[in-house]
Amino acid sequence: MTMLRIALYQPDIPGNTGTILRLAACLGLGVDIIEPAGFDISDRNLKRAGMDYLAAVSLTRHVNWERFEAWRLESGRRLVLASTKAAGRYTDFTFRSDDILLFGRESAGVPEHVHDKADGRILIPMVEGQRSINVAMSAAMISGEALRQTQWSPMPVASPNVAPR
């Protein structure tokens with residue numbers, strides 16, 4: 001199973017966080033939430049946002065950016081930031097299976113000091129004039145590409161027993 005993780009920097013919208021938790025549960029990804037969040041991040045609220053998928057997610061809450069960054073550096077993981085300010089396309093980036101994919105606040109992205117700490121910065125190309133793609137959709141797109149590149153494969157699904165006609 002992959003060690004790929006999704007990190008959310010001070011998320012604003014519980015529904016997006018819940019969608020990302022569900023994605024992570026279904027794909028076997030870890031999730032890091034860097035606080036403070038823009039909503040009550042109690043286990044009760046996360047369970048509501050993530051429905052019954054929360055129990056299946058490897059979730060770590062970090063009290064602030066400094067604690068997250070200390071943990072990341074200690075674990076030797078690379079930080080890959082999704083940003084509308086990045087120059088390189090996410091499909092041109094070479095992912096590693098232990099990368100942390102960082103997504104900023106829905107309302108403001110990440111501050112410059114966080115941007116500066118990223119080992120890689122990636123962009124989802126969009127048509128001109130559009131501001132940004134929903135953070136949960138961005139997480140799905142970029143995670144999918146990272147998993148494809150790192151040769152991730154889900155557990156095999158049993159084929160239904162179909163009788164020939």
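Two strands are said to pair if DSSP finds at least two bridges between them, and the strands themselves, like the helices, are DSSP runs numbered from the N terminus (H or I of at least four residues for helices, E of at least two for strands). The structure discussed here is a predicted model, in which local features need pLDDT of at least 70 and side-chain atom pairs count only at pLDDT 80 or more, while totals for chains, interfaces and linings use all residues. Residues are numbered from 1 along each chain as its sequence is written, and side-chain values use heavy atoms, with hydrogens and water left out.

Leucine 81 stands opposite leucine 102 in S6. The two strands concerned, S4 (residues 79–82) and S6 (residues 100–103), pair in the parallel sense over three bridges. S4 also pairs with strand S7 (residues 120–123), again in the parallel sense and over three bridges; here glycine 120 in S7 is the bridge partner of valine 80. Elsewhere, S1 and S2 form a parallel pair over five bridges, in which isoleucine 6 stands opposite valine 31 of S2.

These strands belong to a protein with five helices and seven strands. Read from the N terminus, the order of elements is β-α-β-α-β-α-β-β-β-α-β-α.

Burial is assigned from relative accessible area, with buried meaning under 20%, exposed over 50% and partly exposed in between (1.4 Å probe, protein chains only). Of the 165 residues, 43% count as buried. The accessible areas come from the Shrake-Rupley method with a 1.4 Å probe, and for residues only the protein chains shown count as cover. The protein exposes about 9,500 Å², of which carbon and sulfur atoms supply 52%.

Strand S2 illustrates the covered interior, since five of its five residues are buried. In a regular strand the side chains alternate between the two faces of the sheet. In S2, Gly30, Asp32 and Ile34 point one way, Val31 and Ile33 point the other way, and all are buried.

A nonpolar core is a set of buried Ala, Val, Leu, Ile, Met, Phe, Trp, Tyr and Cys residues joined through side-chain atoms within 4.5 Å. The largest such core has 29 residues, and those with the most contacts inside it are Ile6, Ile20, Phe95, Leu101, Phe103, Ile122 and Ile142. Strand S1 (5–9), helix H1 (14–27), strand S2 (30–34), S6 and helix H5 (135–149) each supply at least two residues of this core, and H5 gives the most, with six residues. Isoleucine 142 touches Ala82, Tyr90, Phe95, Leu101, Phe103, Ile122 and Ile124, not counting residues up to four places away in sequence. Apart from this core lies another, of twelve residues, among them Ala7, Trp65, Leu81 and Leu102.

The charged side chains form nine salt bridges, each being a side-chain nitrogen of Lys or Arg within 4 Å of a carboxyl oxygen of Asp or Glu. In one of them, aspartate 12 meets arginine 105 with an N to O distance of 2.5 Å. Aspartate 12 lies in the loop between S1 and H1 and arginine 105 in the loop between S6 and helix H4 (112–115), so this pair ties together parts that are 93 residues apart in sequence. Aspartate 12 is buried, at a relative accessible area of 16%, whereas arginine 105 is partly exposed, at 26%.

A second salt bridge joins arginine 61 and glutamate 35, whose closest N and O atoms are 2.8 Å apart. Arginine 61 is in strand S3 (residues 58–62) and glutamate 35 in the loop between S2 and helix H2 (43–50), 26 residues apart. Glutamate 35 is buried, with a relative accessible area of 14%, and arginine 61 is partly exposed, with 37%.

Because glutamate 112 lies in helix H4 and lysine 85 in the loop between S4 and strand S5 (88–89), the pair ties together parts 27 residues apart in sequence. Glutamate 112 is partly exposed, at 45% relative accessible area, and lysine 85 is exposed, at 58%. Salt bridges that share partners also join Glu69, Arg72 and Asp119 into one network.

Key. Contact means heavy atoms within 4.5 Å.
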